[in-house]
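Hi everyone, thanks for making time for this. I'd like to walk you through a structure, so let me put it up on the screen.

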Amino acid sequence: MTAMNGGPTGTRRDTVAAVVRQWQSVHPDLDTAPMEIIGRINRCAALLQQAEDAPLRRAGLSRPEFDLLGALRRTGHELTPSELARETFSSGAAVTKRLKQLTERGLVERRGDTRDRRVAHVRLTGTGRDLVDGILPEQLAYETAVLSGVNPQGQDELAALLSELLGRLEGQLGALRG
């Protein structure tokens, strides 16, 4: 196996490689190979999250609030709080709290269902749509810059591998819930 820098796995130079080497010295009998992948995915996700949240912080939004606004924008229609919870992998209580804050800021509107008073429908306001549309290009530019060091074929391969892993994980979690 070769590292992304072309050398053998043992010569990788990132924080996860150091952690793996430490575990290998403590437990040489254990296969630490999964840490090479899962550890890097987690570390990349944390670093990407920190940097991507900068435009959101400037707009006064949290990541979960932006995820709700983004779900409404990308689906292009009203959603119920339950649908928003599914779209954003959030709990119903968390969605309710965030919707209250976003409504107070004038970014979303709620309207009751004419047939079932227990159901609310949520949609973006013009201000909410403009906010999402203003932040999205900045986020995509950042993501493009991050990936610019990986050739297009490598990006395609990485996307395919991550898609395969995500599909398996989503299937496993779905089976555990059911």
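Let's start with a question: is Ile37 buried or exposed? Keep in mind that what you're looking at is a predicted model. Okay, the answer: Ile37 has a relative accessible area of 52%, and the cut-off for exposed is over 50%, so Ile37 counts as exposed.

Now, where does Ile37 sit? You'll find Ile37 in helix H2. H7 gives the most, with four residues.

Okay, next stop: helix H5. H5 covers residues 92-104, which makes 13 residues. From the first C-alpha to the last, H5 reaches 18 Å, close to the 18 Å expected at 1.5 Å a residue.

So which residues of H5 are buried? They're Ala94, Val95, Arg98, Leu99 and Leu102. These residues cover an arc of only 130° around the axis, so they end up on the same side of H5. What covers them includes helices H3 and H4, plus strands S1 and S2.

One last thing: just after H5, Gly106 takes a positive phi of about 80°.

Definitions and conventions
Residues numbered from 1 in each chain as written. Predicted model: local features only at pLDDT ≥ 70, side-chain atom pairs only at ≥ 80, totals over all residues. Heavy atoms only, no water. Helix = DSSP H or I, 4+ residues; strand = E, 2+ residues; numbered from the N terminus. Buried < 20%, exposed > 50% of the residue type's maximum accessible area, 1.4 Å probe, protein only. Expected span 1.5 Å × (residues − 1). Arc of directions from axis to C-beta. Contact = heavy atoms within 4.5 Å.
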